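Subject: Structure for your review

Dear colleague,

Please find the structure below, together with its sequence. My findings follow, and I would ask you to read them with the model open beside you.

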Amino acid sequence: MKVLANDGISKSGIEALEKGGFEVITAKVAQEQIANYVNENNVSVVLVRSATKVRKDIIDACPGLKIIGRGGVGMDNIDVDYAKSKGIHVINTPASSSESVAELVFAHLFSGVRFLHDSNRNMPLEGDTNFDGLKKAYANGVELRGKTLGIVGIGRIGQATAKMALGLGMKVITADSFIPQVDVKVSFFDGQSITTTLVSQSLESVFKEADFITLHVPAQKGYIIGEKEIATMKDGVGIVNCARGGVIDEVALVKALDSGKVLFAGLDVFENEPTPEMTILMNSKISLTPHIGAATGEAQDRIGTELASQIISLIG
């Protein structure tokens, strides 16, 4: 039985699938050619990450398809309900990349409060001629410890982010309309741990109280953060989005950054991918990464092996 891993899969995932009797194809097939490729090569399983889309047209055109898998959490690039209505299994790996995404959130937070994203641009240009000027420009850093982190969406990634925030000594507040409260366990290297309970509050109160805000929500029909929401936030707030593009109004965000209402933003995802707006890319107050939240070796190993075990258990 053949598996097409169109957006790639880790070596450990390939080995686990091959051990289970599957042939793994890692050729990158163009979006418009996927249906033909699946049919011509008798592919039973299609695995994607965020690049490839598996919509109704592909599902209808591929009667031999048994499983669609998403290496990651969100499945907005798959017509999940339609696939299931056709008897196709749809799987994902919600637990595998949580820590990797959470660490990237803090990479953006640390970058923002210490201006690393901007100093790394300017030090190569001016470090030898304007050292004292740059030192003065980046002298007003902010500590994360003791500040309030507002987490919008307290699912697995939100919880992983909360654990890191608690370990740093931050106060954590959350808003989640589906999870009223959750116990978060922070484990230490020596086997000890502490557990605290986070109780969800209103989105409005999180925006009002948080020093920093991070979003961990699926794709939405409208913006979660727009001009009206930003107006309710603290002056000098920092905003991070490593979830999905389109949940922040980027025009409103740039306006708030330019006015100083928002101190900095950290963006891993964008309204227009893979061609983000130049006003976003060139803004000196935005820390930027190209949708790499789950792109660590450890996460990809976990994703690959978790997909393999699910596939083998379903049709192995």
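In which loop is the place of H291? In this predicted model, H291 is located in the loop between β13 (286–288) and α13 (297–315).

Backbone details

H291 has a positive phi, near 55 degrees, and is a residue other than glycine. Its relative accessibility is 28%, so H291 counts as partly exposed.

F115 also calls for attention, with a positive phi of about 60 degrees although this residue is not a glycine. F115 belongs to the loop between α5 and α6 (116–126). Is F115 buried or exposed? Buried means under 20% relative accessible area, and F115 counts as buried because its relative accessibility is 17%.

A further point concerns a peptide bond: the one that joins E273 and P274 is cis, with omega at about 10 degrees. P274 is situated in the loop between β12 (262–267) and α12 (278–281).

Helix packing

Two packed helices are described by the angle between their axes and the distance between the axes. I describe two pairs in these terms.

For helix α1 (residues 11–19) and α13, the axes are 7 Å apart and the packing angle is about 20 degrees. Angles under 35 degrees count as roughly parallel, and α1 is therefore roughly parallel to α13. The crossing in which α1 passes α13 is right-handed. On the α1 side, S12, G13, A16 and L17 take part in the contact, and they meet D301, G304, T305, A308, I311 and I312 in α13. By class, the residues of this contact comprise 5 nonpolar, 4 polar and 1 charged.

The other pair is helix α5 (residues 98–113) and helix α8 (residues 156–167), whose axes come within 8 Å and cross at roughly 50 degrees. These two helices, α5 and α8, are therefore oblique to each other. Here α5 passes α8 in a right-handed crossing. From α5, the residues S98, E99, V101, A102, E103, V105 and F106 meet R156, I157, A160, T161, M164 and A165 in α8. The contact of α5 with α8 contains 8 nonpolar, 2 polar and 3 charged residues.

Yours sincerely

Key:
Residues are numbered from 1 along each chain as its sequence is written. This is a predicted model: local features need pLDDT of at least 70, side-chain atom pairs count only at pLDDT 80 or more; totals for chains, interfaces and linings use all residues. Side-chain values use heavy atoms; hydrogens and water are left out. Axes are lines fitted to C-alpha atoms, for helices over the stretch in contact, and angles run from 0 to 180 degrees between N-to-C directions. Helices (H or I, at least four residues) and strands (E, at least two) are DSSP runs, numbered from the N terminus. Angles under 35 degrees count as roughly parallel, over 145 as roughly antiparallel, 65 to 115 as roughly perpendicular and the rest as oblique. A crossing is left-handed if the near helix is turned anticlockwise from the far one by less than a right angle, and right-handed if clockwise. Contact means heavy atoms within 4.5 Å. Ala, Val, Leu, Ile, Met, Phe, Trp, Tyr, Cys and Pro count as nonpolar, Asp, Glu, Lys and Arg as charged, and the others, Gly among them, as polar. Buried means under 20% relative accessible area, exposed over 50%, partly exposed in between (1.4 Å probe, protein chains only).
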